[in-house]
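Good morning, colleagues. Today I would like to speak about charged side chains and how they pair. Please have the sequence and the structure in view as we proceed.

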Amino acid sequence: MTQLTASRLRELLNYESETGQFRWKIKPNRSTVRGSIAGGRHSLGYGSISIDDRDYLAHRLAWLYVHGRWPKHQIDHINGDRSDNRLENLREADNSENNRNRGVQKNNKSGFKGVGFHKQTQKWRAKIKLHGKNYHLGLFDEVEDAARAYSAAAERLHGDFARIS
């Protein structure tokens with residue numbers, strides 16, 4: 001199967017970088033109107049568009065449309081909203097960078113990224129991961145103190161990809 005090119009994408013769709021939406025330039029099938037918003041929602045919350053009988057993630061199409069090439073690695077949604085495909089919200093990232101920008105996990109009981117309860121000491125533990133290695137940031141009586149320790153380390157170690165919450 002031939003990979004979609006930027007020129008083919010631009011023949012079929014218009015990309016509105018301010019809104020992150022794609023609109024059909026053509027009438028791709030009997031039920032779709034030219035000028036209508038292309039695609040739908042992928043099961044993981046990403047936008048998805050079917051082109052030439054193949055499904056593509058909208059954020060990757062936005063990159064191809066604007067830059068004329070597929071991203072080398074992944075595309076990170078800066079604000080963490082997988083449906084926000086405005087150009088200003090997209091950046092190339094490797095897997096490690098993309099993971100640094102993840103929010104608080106659903107199973108997190110502290111409510112703060114990088115913070116969990118350490119049962120043996122009955123204290124809040126702050127830790128951070130960088131390049132596959134975990135770093136212990138300390139044990140704290142107050143959850144907010146552990147969160148501050150994580151935040152400071154994330155800003156220092158993760159830079160632009162730091163996400164605190």
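By salt bridge I mean a side-chain nitrogen of Lys or Arg within 4 Å of a carboxyl oxygen of Asp or Glu. What we are viewing is a predicted model, and it holds nine salt bridges.

Let me begin with Asp-52 and Arg-8, whose side chains meet in a salt bridge with an N to O distance of 2.8 Å. Asp-52 lies in the loop between strand S4 (47-51) and strand S5 (54-57), while Arg-8 lies in helix H1 (residues 6-12), so this pair ties together parts that are 44 residues apart in sequence. Asp-52 is partly exposed, at 45% relative accessibility, and Arg-8 is also partly exposed, with a relative accessible area of 29%. The pair belongs to a network of salt bridges that links Arg-8, Glu-11 and Asp-52.

I turn next to Arg-91 and Asp-76. Their closest N and O atoms are 2.8 Å apart, and they form a salt bridge. Because Arg-91 lies in strand S7 (residues 90-93) and Asp-76 in strand S6 (residues 74-77), the pair ties together parts that are 15 residues apart in sequence. Are these two residues buried or exposed? Both Arg-91 and Asp-76 are buried, that is, under 20% relative accessible area.

Finally, consider Arg-86, which forms a salt bridge with Glu-88; here the closest N and O atoms are 2.3 Å apart. Arg-86 is partly exposed, with a relative accessible area of 22%, whereas Glu-88 is exposed, at 63%.

Thank you for your attention.

Definitions and conventions:
Residues numbered from 1 in each chain as written. Predicted model: local features only at pLDDT ≥ 70, side-chain atom pairs only at ≥ 80, totals over all residues. Heavy atoms only, no water. Helix = DSSP H or I, 4+ residues; strand = E, 2+ residues; numbered from the N terminus. Buried < 20%, exposed > 50% of the residue type's maximum accessible area, 1.4 Å probe, protein only.
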